[in-house]
Amino acid sequence: MNISKKIAMVLATAALALMAGLLPVAHADVNGKKVTLEFKTATQIPGQVLQPGSYVFEATGIQAGWNVVKIYNQDGSSQITT
């Protein structure tokens, strides 16, 4: 491969990398998404310890730059913490 082809290859790669960096970033909407997690052992979360069992985690949005997640008991009838 001659020098001009190598330079063209490097420039093309750099151009593709630059264009990829300018693409908009996609973010998923996680509000209202729920997941049930089961813990086999006691698990510490900020401010308390969740005993072994199943818990419902719900993403409720963003406040002041923080992702807010609420934690409920197994059937979702009682909120444990935010």
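**Chatting through a predicted model**

Mentor: Before you dig in, keep in mind that this is a predicted model. Let's begin with Ile80, which is partly exposed at a relative accessible area of 30%.

Trainee: Okay, and which strand does Ile80 lie in?

Mentor: Ile80 belongs to strand β6, which covers residues 79-81.

Trainee: What does Ile80 touch, leaving out residues up to four places away in sequence?

Mentor: Leaving those out, Ile80 is in contact with Gln48, Leu50, Tyr55, Ile71, Tyr72 and Asn73.

Trainee: Switching topic: how many salt bridges does the count come to?

Mentor: The count is 1 salt bridge. Glu38 and Lys40 make it through their side chains, at 3.4 Å from N to O.

Trainee: Are Glu38 and Lys40 buried or exposed?

Mentor: Glu38 has a relative accessible area of 53%, so it counts as exposed. Lys40 is exposed too, because its relative accessibility is 66%.

Trainee: Now the surface. Which residues form a nonpolar patch there?

Mentor: That patch is made of Ile3, Ile7 and Leu11. Together they have about 330 Å² of accessible area.

Trainee: Let's follow up on Ile7. Where is Ile7 found?

Mentor: Ile7 sits in helix α1, which takes in residues 3-22.

Trainee: Why does Ile7 count as partly exposed?

Mentor: Because its relative accessibility is 49%, and exposed would need over 50%.

Conventions. Residues numbered from 1 in each chain as written. Predicted model: local features only at pLDDT ≥ 70, side-chain atom pairs only at ≥ 80, totals over all residues. Heavy atoms only, no water. Patch = residues over 30% accessible without salt bridge, like charges linked within 9 Å, V, L, I, M, F, W, Y side chains within 5 Å. Areas by Shrake-Rupley, 256 points an atom, 1.4 Å probe, with all protein chains shown as cover. Salt bridge = Lys/Arg side-chain N within 4 Å of Asp/Glu carboxyl O. Helix = DSSP H or I, 4+ residues; strand = E, 2+ residues; numbered from the N terminus. Buried < 20%, exposed > 50% of the residue type's maximum accessible area, 1.4 Å probe, protein only. Contact = heavy atoms within 4.5 Å.
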